[in-house]
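Try each task before reading its solution.

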Protein chains: 2
Amino acid sequence: MTTVKLGTQVRQEQIARAALGLLATHGLQGLNIKRVAQRIGMVPSAIYRHFKSKEEILDAVLGLIEERLVGNVQAVCEESADSLERLRLLLMHHIQLIRENEAVPRVVFSEEVGFGDPAKKSRLYGIISRYLQEVEEILRRGQKEGAIRAELDPATVAVMFLGLIQPAAILWHVSSGRFDVTRQASKAWEIFREAIRTR
Amino acid sequence: MTTVKLGTQVRQEQIARAALGLLATHGLQGLNIKRVAQRIGMVPSAIYRHFKSKEEILDAVLGLIEERLVGNVQAVCEESADSLERLRLLLMHHIQLIRENEAVPRVVFSEEVGFGDPAKKSRLYGIISRYLQEVEEILRRGQKEGAIRAELDPATVAVMFLGLIQPAAILWHVSSGRFDVTRQASKAWEIFREAIRTR
DNA sequence: TCCTCATGTGAATGGTCATTCACATCAAAC
DNA sequence: GTTTGATGTGAATGACCATTCACATGAGGA
């Protein structure tokens, strides 16, 4: 066996990424240590040099997901200063995220994660809340600038914003890619934009 | 042991219901034959007198879910003849469904079901599609009657309609009931209504 | 160069779970 | 009342899987 040795930091990164990738192709059900190990050319037991348990790996995956979601928001804010445009871009980035890594929305929104321990459930809640707050921030700013209707509740609209993508992502998955997410998102966005912008 | 015997038809119904209930409390991960059997006072092996496999039970659960979703649409259509009102009622019924049986939206929209065999995935797709078509039908009728803006694509709007509830349901779950679904749905509905109705 | 410790390996352990089977028991037809 | 077939039971089987452990090995400091 070609025993290659790498530092724990590198391995942890590899393992978390591998797990995230496996979630996309096999779901939470099909995620096991053996597969994770295979994916990075290790033996199952070696995984335990870098993570205490499978649960801990799941935690790392959640971290990875949080990172990407927050990254999307930041990227979008740098790409444009216009509130409505930021939201549109965020929508598109989110779709891109789904395309590249199907697992992100699945894990975040599947609820399956964190049935066992309440800790994971609240961790998930934290991640979603944080994302929602970022969206709300964009909305509030748009209201202050007069681009978005001031009488709308940012919290409500932020959740609605999530609703623009999520059902579409699921349809995409269960239809085995036949359902056109991008098209749905574009058309839904127009309706949504007209609903929230000032007239 | 108090051996009570019942017909297969009755047992199948009991088993499917028990499984659906367990999905709500334990998720797909925690759904096993032992628990299902316990819930209806049987021994695990007895389950196999009425279902060939666990997969087959899952199929029955999907049937149950489809039944309830379609039932909601029918009920709503009997309650009101007005398109917008029908949609509002459907939204509320859906929330009621979530409250009574958390598992319905979870199973339908979690994507975890049907990772193994493609058959289950397309079954799920069928169920969602059917529900969407019913919503589209209501929308088209509203357009014909002039209550809903004619230039909107019913298919797009129907998916958006799903998006009004789904993220809220998930937030409700991961927040352990702290997030107020009903409030979110009501407020989101108003915004949605204004977006689709004729002005 | 050698030591040492972090990292990797293969085998073993213990648990869970779906499924099967030989046997028991009830209910209904005769 | 007896027979028969459907339904229920407890034990057993085999698979899968997370985790552990004794041992091996490589990389970097001494």
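Helices are DSSP runs of H or I with at least four residues, numbered from the N terminus. Keep in mind that the model is predicted.

**Exercise 1. Describe the make-up of chain A.**

Step 1: Count the elements: chain A has nine helices and zero strands. Read from the N terminus, the order is α-α-α-α-α-α-α-α-α.
Step 2: Look at the extent of the chain: along the principal axes, its C-alpha atoms fill a box of roughly 65 × 35 × 30 Å.
Step 3: Turn to burial: 54% of the 199 residues of chain A count as buried.
Step 4: Take the contacts in chain A with a separation of 6 or more; residues 24 or more positions apart account for 66% of them.

**Exercise 2. Work out how chain A and chain B are related.**

Step 1: Name the relation, which is that of a two-fold axis.
Step 2: Find which C-alpha of chain A is nearest the axis: that of Gly163(A), 1.9 Å from it.
Step 3: Compare the interfaces: 100% of the interface residues of chain A are also interface residues in chain B, so the copies meet through the same surface.

**Exercise 3. Follow helix α4 in chain A and name what its buried residues pack against.**

Step 1: Check the length: α4 (residues 54-79) of chain A has 26 residues and reaches 38 Å from first to last C-alpha, close to the 38 Å expected at 1.5 Å a residue.
Step 2: List some of its buried residues, among them Ile57(A), Leu58(A), Val61(A), Glu66(A) and Asn72(A).
Step 3: Recall that an α-helix has 3.6 residues a turn, so residues three or four places apart point the same way.
Step 4: Find the partners: the buried residues of α4(A) pack against α1 (8-26), α2 (33-39), α3 (44-47), α5 (83-100), α6 (103-110) and α7 (118-145) of chain A.

**Exercise 4. Determine how α4 and α7 of chain B cross.**

Step 1: Take the axes of α4 (residues 54-79) and α7 (residues 118-144) of chain B; they come within 11 Å and cross at roughly 0 degrees.
Step 2: Classify the angle: this makes α4(B) roughly parallel to α7(B).
Step 3: Examine the contact, where residues including Leu58(B), Leu62(B) and Val73(B) of α4(B) meet residues including Arg123(B), Ile127(B) and Tyr131(B) of α7(B). The contact residues divide into ten nonpolar, one polar and seven charged.

**Exercise 5. Decide whether Asn72(B) and Gln9(B) are buried or exposed.**

Step 1: Asn72(B), in α4 of chain B, has 10% relative accessibility and so counts as buried.
Step 2: Leaving out residues up to four places away in sequence, Asn72(B) touches Leu90(B), His93(B), His94(B) and Leu97(B).
Step 3: Gln9(B), in helix α1 (residues 8-26) of chain B, counts as exposed because its relative accessibility is 69%.

Technical notes: Residues are numbered from 1 along each chain as its sequence is written. Chains are lettered from A and ligands numbered from 1 in the order in which they are written. This is a predicted model: local features need pLDDT of at least 70, side-chain atom pairs count only at pLDDT 80 or more; totals for chains, interfaces and linings use all residues. Side-chain values use heavy atoms; hydrogens and water are left out. Copies are superposed by least squares on the C-alpha atoms of residues with pLDDT of at least 70 in both. Contact means heavy atoms within 4.5 Å. Helices (H or I, at least four residues) and strands (E, at least two) are DSSP runs, numbered from the N terminus. Buried means under 20% relative accessible area, exposed over 50%, partly exposed in between (1.4 Å probe, protein chains only). Axes are lines fitted to C-alpha atoms, for helices over the stretch in contact, and angles run from 0 to 180 degrees between N-to-C directions. Angles under 35 degrees count as roughly parallel, over 145 as roughly antiparallel, 65 to 115 as roughly perpendicular and the rest as oblique. Ala, Val, Leu, Ile, Met, Phe, Trp, Tyr, Cys and Pro count as nonpolar, Asp, Glu, Lys and Arg as charged, and the others, Gly among them, as polar. The expected span of a helix is 1.5 Å times one less than its number of residues.
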